[in-house]
Amino acid sequence: MFNFSISLLNIMKNKSLFFNNLKSFTLVATFFSLWFAVYFKDSVEDFFAYFLIFSLGILHGANDIELIKKTSQKPRKSRFDKVLIVYVFLISLSITLFYFFPTIALFLFVFFSAYHFGEQHWNSKIRQQTIFSRLMFLFYGIVILLILFYNNNLEVSIIIENITDTYITKDFYLYSLVISSLLLIITGSIIYFDGKLKANIFEQFFYIVVFFIVFYTASLLWAFAIYFIFWHSIPSLADQVYYLYGSNKKEDFIKYLKSSLIYWFISLISLSIIYWLFQHQDRLFLSIFFTLIASITFPHVWVMSKFNK
């Protein structure tokens, strides 16, 4: 029993050290990306943004099948089949929604993406999940996305108009950002004073200020890639590897890569074909690109919600 306790403490210590190092890497990578945005043209930023999204970004959601296998309850085979059917159904449903009801689909995409970003960021920092913690997940993600939208309002509004035929003004982003920030402060305060928050508030506020500066400086695609890759995808990858294999050693990441390679390759080929077809129509390609990302986001958010539980 004593040896088991020592082993468990060593595992937790190694995990804590790994994620502290990961946080340091994320900050360094963010400030490097900010420097990169200052000295390089938008076309160069966009190239590296696509590279990161197509590699690490797609990869972090390519292993949903393995996570389904891991989280499935008995009987394993029948449970897995049902979950897989639901997964494929959600992808088909999202594509159908974007085709017939693009405004509703886009709203749902922003809503679920916001919750997903917030859940990834705050899940390990909350002692006990309540309705207020889930609302904080949502408002935090909305604040991050609205900071991005506000600082790149012209490009974002063009993409939204291409998808929904509706043009959104800059003031709408600003007012929505103010309201969402207030709601985030309210829900965060309730959790903090209830003693359920395991995070430094000033540190988290500093991160939001950094996001505002980065999103203001970088192009839309590069700004999105900075947050999506360094603050979401890589931490999510680390969480998934630890959950699947029990540690974050190099060989565990190699196992993860091997198990998700076929799904990542299929996604990469599909997006590459879309890029080849629309490479000379930048605005249209961005609209289609975000539509496809949205289509695979819905089932991924569902899987990751089960995973986080």
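Which residues does Ser247 touch, not counting residues up to four places away in sequence? They are Val241, Tyr242 and Asp252, where contact means heavy atoms within 4.5 Å. Please keep in mind that this is a predicted model, in which local features need pLDDT of at least 70 and side-chain atom pairs count only at pLDDT 80 or more, while totals for chains, interfaces and linings use all residues. Residues are numbered from 1 along each chain as its sequence is written, and side-chain values use heavy atoms, with hydrogens and water left out.

**The chain overall**

- The protein chain has 12 helices and 0 strands; these are DSSP runs numbered from the N terminus, with helices (H or I) of at least four residues and strands (E) of at least two.
- Of the 309 residues in the protein chain, 49% are buried (under 20% relative accessible area, with exposed over 50% and partly exposed in between, using a 1.4 Å probe on protein chains only).
- Taking contacts between residues at least 6 apart in sequence, 76% join residues at least 24 apart.

**Where helix 5 meets helix 6**

- The axes of helix 5 (residues 102-122) and helix 6 (residues 131-151) come within 7 Å and cross at roughly 110 degrees; axes are lines fitted to C-alpha atoms, for helices over the stretch in contact, and angles run from 0 to 180 degrees between N-to-C directions.
- That angle makes helix 5 roughly perpendicular to helix 6, a label for 65 to 115 degrees (under 35 is roughly parallel, over 145 roughly antiparallel and the rest oblique).
- On the helix 5 side, the residues in contact include Val110, Phe111, Tyr115, Phe117 and Trp122, and on the helix 6 side they include Met136, Phe137, Leu138, Ile142 and Leu145.
- By class, this contact has 12 nonpolar, 4 polar and 2 charged residues; Ala, Val, Leu, Ile, Met, Phe, Trp, Tyr, Cys and Pro count as nonpolar, Asp, Glu, Lys and Arg as charged, and the others, Gly among them, as polar.

**Two buried loop residues**

- Ser247 lies in the loop between helix 10 (220-245) and helix 11 (250-278), and its relative accessible area is 19%, so Ser247 counts as buried.
- The side chains of Ser247 and Asp252 are joined by a polar contact of 2.3 Å (a pair of N or O atoms within 3.5 Å; within protein, one must be able to donate a hydrogen and the other to accept it, and residues adjacent in sequence count only if both atoms are side-chain atoms).
- Lys196 sits in the loop between helix 8 (170-193) and helix 9 (201-217), and with a relative accessible area of 16% Lys196 is buried.
- Leaving aside neighbours within four places in sequence, Lys196 is in contact with Lys125, Ile126, Arg127, Gln128, Thr130 and Ile191.
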